[in-house]
Amino acid sequence: MKVVVGMSGGVDSSVTALLLKQQGYQVTGLFMKNWEDDDDSEYCSSRQDLVDVASVCDVIGIDLEVVNFSAEYKDRVFADFLREYEAGRTPNPDILCNSEIKFRCFLDHALQLGAERIATGHYAQVREWTNDGRSEYQLLKAEDGTKDQSYFLYRLNQAQLAKTLFPLGTLYKREVRRIAEQAGLHVATKKDSTGICFIGERPFREFLMRYLPTQPGEIRALDDERVLGEHQGLMYHTIGQRKGLLIGGIKGNQDEAGEHEAWYVAKKDVQANVLYVVQGHEHPALLRDRLVATDLNWIAGRDPHTHWVYTAKPRYRTPDMPCEIDRIAGGRAEIAFAQPQWALTPGQSVVVYESNVCLGGGVIA
């Protein structure tokens, strides 16, 4: 079977290619270049990443293809990313990047090369399952719960999962690095990439200002409407944000014991261009036990049952939380949590699970 592996220059995709080659697959590595605006900056590492990929492919003994999806990335991912921020929301571009670039553009290109499957270094699993007499592909969590990336893959569909392999799904990160070291891959100790998908880790506000000009407005206390300061644009802030408000020395109207607590972003009034803040991590305005999700994708191609006990992650770094889906209608799902969640943020994704199976999810309205 011919498999094309999406290779980034990191240890995960490198070991993915290595394992598949050892298992007898006909493997080709493919490096995707998806960002060109400042490719020569200190924050964009694509040149070094390509050098690393070429070195790994040489050691493993596989061919390497290079493809440029920069135009598709700008049109399908980055444009949406900017629109969401401009609307006062906080999107997660990695999720859209996976569904539109890595598992659409890349998949289509790999099939044109004659591949029967694609593979990536994501920590997740795919299982073929028979349900009511028909075959179905399920997206499962990775064995290594600290590295599980199913949250970022919830927009995938049956056709995409049917063509995808995740060789790292049963491995722990320490094992992956050990395999790379034993195989003589120089990326064995390479630091994991962070930051925006394909753009890298950089000073985020300064980066956003290049595309979304400043729009100064008032910072107000939600409890009493006092003007506390000025923001440079609602798009530079997110619900629950503490740092960067420049109002840390202002006292609140709480009792003496709480008047010096930190300020947090609690609300954005886009029409009035006002940023509302509250004092204290446990302020009621920061806690919600219900949300509405839109832009839904259910991996099985059908809605899950309502009023069943599931778990959900309203952001990647939070633990799974018990919940029920109260209603699914009109492209919207109403989700109730067993306990209040902190700083639920419009634009971020909420992903629903049944045990270790990712059912899908949507975007917080």
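Here is a short chat about the predicted model shown above.

Reader: Hi! How many helices and strands are there in the protein chain?
Author: Hello! This predicted model has seven helices and 17 strands.

Reader: And how does the radius of gyration look against the globule rule?
Author: The radius of gyration is 22 Å, close to the 21 Å that the rule gives for 365 residues, so the chain is as compact as a globular protein of that length. Along the principal axes, the C-alpha atoms fill a box of roughly 70 × 55 × 35 Å.

Reader: Nice. What share of the residues count as buried?
Author: That would be 51% of the 365 residues. The accessible surface comes to about 17,100 Å², and carbon and sulfur atoms account for 48% of it.

Reader: Switching topic: which residues does UniProt list for "active site"?
Author: The unreviewed UniProt entry lists Cys 97 and Cys 197.

Reader: Where is Cys 97, then?
Author: Cys 97 sits in helix 4, which covers residues 93-112.

Reader: Is Cys 97 buried or exposed?
Author: Cys 97 is buried, because its relative accessible area is 0%, and the cut-off for buried is under 20%.

Reader: What does UniProt place at residues 289-364?
Author: The unreviewed entry has a domain there, "tRNA-specific 2-thiouridylase MnmA-like C-terminal". Residues 289-364 are 0% helix and 64% strand, and the end C-alpha atoms of that stretch are 13 Å apart.

Reader: Last one: how many positive and negative side chains are there?
Author: The protein chain has 41 positive and 51 negative side chains, with the centres of the two sets 2 Å apart.

Conventions: Residues are numbered from 1 along each chain as its sequence is written. This is a predicted model: local features need pLDDT of at least 70, side-chain atom pairs count only at pLDDT 80 or more; totals for chains, interfaces and linings use all residues. Side-chain values use heavy atoms; hydrogens and water are left out. Helices (H or I, at least four residues) and strands (E, at least two) are DSSP runs, numbered from the N terminus. The radius of gyration is taken over C-alpha atoms; the globule rule is 2.2 Å times the number of residues to the power 0.38. Buried means under 20% relative accessible area, exposed over 50%, partly exposed in between (1.4 Å probe, protein chains only). Accessible areas come from the Shrake-Rupley method with a 1.4 Å probe; for residues, only the protein chains shown count as cover. Lys and Arg count as positive and Asp and Glu as negative; His and the chain ends are not counted. The place of a charge is taken as NZ of Lys, CZ of Arg, CG of Asp or CD of Glu. UniProt positions are given in the numbering used here, feature names are shortened, and annotations may be inferred rather than shown by experiment.
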